[in-house]
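Good morning, and thank you for coming.

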Amino acid sequence: MNLGDPGAMRLLLDAVIVFTLLEALALWSFHAMTGRGLAPHDYALNMVSGVCLMLAVRAALDTMPWPWIATCLAASGLAHGLDLWRRWQRAAREKKERTQPFLT
């Protein structure tokens, strides 16, 4: 496979996108069936961000108009920002819980 060939890159990128979506489905199914593993809210925004980045690259390889690429990049950035904000809020909440004295 010559990765300099746009067709080969498209095929590889499509395979990675499909694998990523199957991974998300497997994680969700495992958690839904067993109650173990990662809950969807722990990884969904990260997955969305990554898939949107891959879709932006895919759109660029297909020489789609720039608004399509910009939309994918903006969606990726938004999902990434929301993911960081949620993690930051969770860390602050956990820190606050650890430092509060126990009420007896």
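Helices H2 and H3 run roughly antiparallel to each other. Please bear in mind that this is a predicted model.

The reason for that description is the angle: H2 and helix H3, which spans residues 66-99, pack at about 160 degrees, and an angle over 145 degrees counts as roughly antiparallel. Their axes are 8 Å apart, and the crossing of the two helices is left-handed.

Which residues meet between H2 and H3? On the H2 side they include Leu-45, Val-48, Cys-52 and Ala-56. On the H3 side, Ile-69, Cys-72, Leu-73 and Ala-79 are among them.

In general, a disulfide is a covalent bond between the sulfur atoms of two cysteines. How many disulfides does a search of the whole structure find? The search finds zero. For Cys-52, the nearest cysteine sulfur is that of Cys-72, 6.1 Å away. That distance is too far for a bond, because a disulfide requires the sulfur atoms to be within 2.5 Å. Both cysteines count as buried: Cys-52 has a relative accessibility of 14%, and Cys-72 has 16%.

Finally, let us turn to Arg-58, which lies in H2, residues 40-61. Is Arg-58 buried or exposed? Arg-58 is buried, because its relative accessible area is 18%, and the cut-off for buried is under 20%. The side chain of Arg-58 makes a polar contact with the side chain of Asp-62, at 2.5 Å. Leaving aside residues up to four places away in sequence, Arg-58 touches Arg-10, Leu-13 and Asp-14.

How values were computed: Residues numbered from 1 in each chain as written. Predicted model: local features only at pLDDT ≥ 70, side-chain atom pairs only at ≥ 80, totals over all residues. Heavy atoms only, no water. Helix = DSSP H or I, 4+ residues; strand = E, 2+ residues; numbered from the N terminus. Buried < 20%, exposed > 50% of the residue type's maximum accessible area, 1.4 Å probe, protein only. Polar contact = N/O pair within 3.5 Å; in protein donor to acceptor, adjacent residues only side chain to side chain. Contact = heavy atoms within 4.5 Å. Axes fitted to C-alpha atoms, helices over the stretch in contact; angles between N-to-C directions. Parallel < 35°, antiparallel > 145°, perpendicular 65-115°, else oblique. Left-handed = near helix turned anticlockwise from the far one by under 90°.
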